[in-house]
Amino acid sequence: STNTKETEKNKGGFVMSEQFETQNPVENTVTPANQMETPTPEALKKKGNKIAIIAGVVAAVVVAGGVGVFAAVKTGAFLSPSKKVLLAGAKTVSDMGSLGETLKDCVSLYSDEYTLKMDLSMNEGDISMEGRSSKEQKQIKGNLNISGAPSIDFLADIGADSVQVEVPTISDHLFTYDYRNEKSGYLLEMVDQDTLDAVDATLKAAYDNQNSDEFRKKMLKVYADEYNTLEFSKVDAKDFTIDGTERSCKGYQTVVTKENVNHVIDGLETLYGEDYQELMDALDLTAADFVASMREAVEEFDDSTTLVFYLYKGQYAAIDIIPENDVSFEVQFLGGDTRMQNMILLADDEKVVEVQGSNEGSVETITMIAEENDTIKFTYDSDSGDITMEAKFDEESYNFAGNLAVDKNSMVITIDDLGSASEDVSGSITWKKGAQFEEVSGDTFDLGNATEEEWQDLLHEIFAAMLGGF
């Protein structure tokens with residue numbers, strides 16, 4: 001019937017949108033469990049929010065925890081059901097296509113010293129930025145050449161106590177700002193103390209944040225610790241199509257409760273409070289603010305959601321996500337050259353998203369289909385490094401054409417064409433090991449302690465330089 005077709009279309013639409021939108025707090029109320037009418041698109045979207053968060057939490061644990069398990073054991077024959085699920089998750093996501101294998105080489109680029117450079121050409125002009133980072137020093141060098149404005153070069157150096165910036169286009173001065181100590185100049189009349197405190201705290205965090213890896217490890221431990229409290233049990237085997245053949249797949253079931261999700265949020269809130277308290281105080285924020293949207297979303301959850309993992313030959317065959325009263329989802333891993341090459345997502349047994357993959361020679365092609373007019377097609381040639389992507393959403397279309405080159409010392413993304421019919425971007429992004437720093441120079445101008453007269457002279461100088469550039 002017409003109503004049925006429309007409902008199917010809306011289901012597909014909400015799933016597609018949830019894949020690409022940043023998660024927002026859930027604003028609407030839960031559809032009552034005893035509602036007998038066909039769910040509205042908005043109701044389906046609310047349900048999708050809840051499932052997406054639960055699925056995201058579980059997926060993060062499965063991937064992160066599973067990697068550790070995979071490194072420790074080579075077979076799941078004598079593992080508990082929960083460890084078998086973790087190991088299967090690690091093996092499933094690590095069995096990547098040619099692009100995934102290429103990106104694995106990027107792991108070697110993580111180092112104490114690195115350079116990240118971006119050169120972009122757009123309709124409005126050109127932008128060039130280069131960030132350099134080591135444990136002791138950080139620099140940003142750039143050029144802004146925007147249509148209708150003078151070209152501006154700058155070099156900013158972030159040291160242990162201060163920031164130094166030279167902008168020769170507008171001034172011969174070397175601008176310095178001490179973010180560790182109190183200010184006494186006219187800047188206090190121009191900017192309120194709370195704003196300066198926020199700037200200082202942000203700069204301190206940018207320089208001192210040498211433990212981001214440690215923070216990520218602690219965050220993953222929050223997920224893993226909660227995962228280890230879940231009780232898994234075997235369920236009846238179920239048949240799924242794997243690599244074109246019906247296979248009997250072992251099943252393992254657990255239940256994720258609202259309390260489990262709240263425990264994870266509690267752990268994240270504690271971490272933010274421990275590691276970023278000074279920054280949050282300066283920004284007039286609390287750790288609770290960082291997790292507020294998650295807490296609001298959890299209020300929309302059912303009390304419990306059943307998760308069933310079906311495994312075949314140590315990898316995922318399917319995952320069922322079954323809330324008490326909401327739409328049930330099933331992800332099927334249909335396989336191919338890799339287990340994740342072809343997949344489908346079902347909502348109440350109706351297909352809403354499909355991923356189709358294929359390899360022809362050195363070219364890998366991945367197509368995601370959500371609705372008749374919503375598709376993303378991606379190709380990667382492992383021999384040449386050429387990449388293309390075409391995305392279509394209703395009447396809008398976006399394209400990318402470029403190249404990816406990766407070795408043990410660098411990764412270079414060349415952008416030949418990025419944008420839509422009205423906007424085109426080209427350029428390159430380079431990430432490489434090592435950093436070469438430059439010396440900043442000029443007559444020092446202390447932004448925090450300069451007098452009102454010194455500030456007025458500086459503003460006149462900048463104003464005259466900018467006018468002369470036109």
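This report covers the nonpolar core, the aromatic pairs and a surface patch of a predicted model.

## Basis

Residues are numbered from 1 along each chain as its sequence is written, and side-chain values use heavy atoms, without hydrogens and water. In this predicted model, local features need pLDDT of at least 70 and side-chain atom pairs count only at pLDDT 80 or more, while totals for chains, interfaces and linings use all residues.

## Nonpolar core

The largest nonpolar core has 36 residues, of which V85, F232, F309 and Y316 touch the most other members. Helix α8 (residues 258-275) gives the most to this core, with five residues. Such a core joins buried Ala, Val, Leu, Ile, Met, Phe, Trp, Tyr and Cys residues through side-chain atoms within 4.5 Å. Buried means under 20% relative accessible area, exposed over 50%, and partly exposed in between (1.4 Å probe, protein chains only).

## Aromatic pairs

The whole structure holds ten aromatic pairs. The ring centres of F309 and Y316 are 5.7 Å apart and the planes stand at 35°, so this pair is tilted. Rings of Phe, Tyr and Trp (its six-membered ring) pair if their centres lie within 6.5 Å; planes under 30 degrees apart count as stacked, over 60 as edge-to-face and the rest as tilted. F309 is buried at 2% relative accessible area, and Y316 is buried at 5%.

Y316 also forms a tilted pair with F333, at 5.7 Å between centres and 50° between planes. This pair links strand β10 (residues 315-323), which holds Y316, to strand β11 (residues 329-333), which holds F333, 17 residues apart. Helices (H or I, at least four residues) and strands (E, at least two) are DSSP runs, numbered from the N terminus. Ring pairs link Y227, F232, F309, Y316 and F333 into a cluster.

## Surface

F290, in helix α10 (residues 287-290), is partly exposed at 38% relative accessibility.
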